[in-house]
Amino acid sequence: MASVNSNISEYQSTPQPGENRKVEEPRGEKSQMDVNEAENKLDTKTGTQNPVGCLKTCDYPKTVYFAAALFSYQELAGNILLGEAIERVSHGRYKIILPQNGEQDSNRGKDIRDDDLASVAKCDMILLNYDGTEICAGCVVEQQFARDLDKPAVVVR
């Protein structure tokens with residue numbers, strides 16, 4: 001019972017988003033920095049603000065391979081709308097690569113697979129949309145390939 005209560009108190013003491021939090025700078029220096037200030041600093045390379053939680057300068061835009069099922073018009077349209085929304089909300093920090101927009105030299109399955117895996121390799125990260133009744137086998141292959149390349153992945157379920 002004591003361990004449950006200590007876990008609850010730790011959870012309750014966790015800062016909520018938007019709260020003024022203090023963190024120590026790396027290398028054990030004694031000076032503290034307001035995280036909110038760091039998040040709002042302008043990136044001198046691009047003139048854009050750093051994303052929430054990114055305390056160092058990042059190169060933008062980051063390319064994101066959007067892996068999702070492509071079996072119906074609803075899925076195709078949903079992928080386009082979600083990709084456009086991510087680009088809009090991120091203010092151009094993320095460029096979404098949709099495999100459905102890629103030009104194919106042939107309709108052979110091997111060629112499509114090779115093109116999609118080449119796109120995964122070129123991107124900075126992968127976004128996997130597993131929001132359906134069944135998980136797309138192609139998305140699983142793309143996820144494992146990205147994992148083998150140490151690419152960050154975000155799964156939407």
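**Notes on the predicted model**

1. The protein contains five helices and six strands, where helices (H or I, at least four residues) and strands (E, at least two) are DSSP runs numbered from the N terminus. Read from the N terminus on, the elements follow the order α-β-β-α-β-α-β-α-β-α-β.

2. On the basis of the values, this is a predicted model, in which local features need pLDDT of at least 70 and side-chain atom pairs count only at pLDDT 80 or more, while totals for chains, interfaces and linings use all residues. Residues are numbered from 1 along each chain as its sequence is written, and side-chain values use heavy atoms, with hydrogens and water left out.

3. Of the 157 residues in the protein, 25% are buried, a class that means under 20% relative accessible area, with exposed meaning over 50% and partly exposed lying in between (1.4 Å probe, protein chains only). The protein exposes about 11300 Å², of which carbon and sulfur atoms supply 53%; these areas come from the Shrake-Rupley method with a 1.4 Å probe. Among contacts with a separation of 6 or more, 53% join residues 24 or more positions apart, a contact being heavy atoms within 4.5 Å.

4. The axes of helix α4 (residues 109-122) and helix α5 (residues 137-148) come within 10 Å and cross at roughly 40°, the axes being lines fitted to C-alpha atoms over the stretch in contact, with angles that run from 0 to 180 degrees between N-to-C directions. From α4 the contact uses D116, L117, V120 and A121, and from α5 it uses V141, E142, F145 and A146. These residues divide into six nonpolar, no polar and two charged, where Ala, Val, Leu, Ile, Met, Phe, Trp, Tyr, Cys and Pro count as nonpolar, Asp, Glu, Lys and Arg as charged, and the others, Gly among them, as polar.

5. The structure holds zero disulfides, a disulfide being a pair of cysteine sulfur atoms within 2.5 Å. The sulfur of C139 has its closest cysteine sulfur in C136, at 3.8 Å, which is too far for a bond. C139 is buried at 1% relative accessibility, and C123 is buried at 2%.

6. Most residues other than glycine have a negative phi. H91, which is not a glycine, has a positive phi of about 55°; H91 sits in the loop between α3 (73-89) and β4 (94-97) and is exposed at 65% relative accessibility. D150 likewise has a positive phi, near 60°, in the loop between α5 and β6 (153-156), and D150 is exposed with a relative accessible area of 70%.
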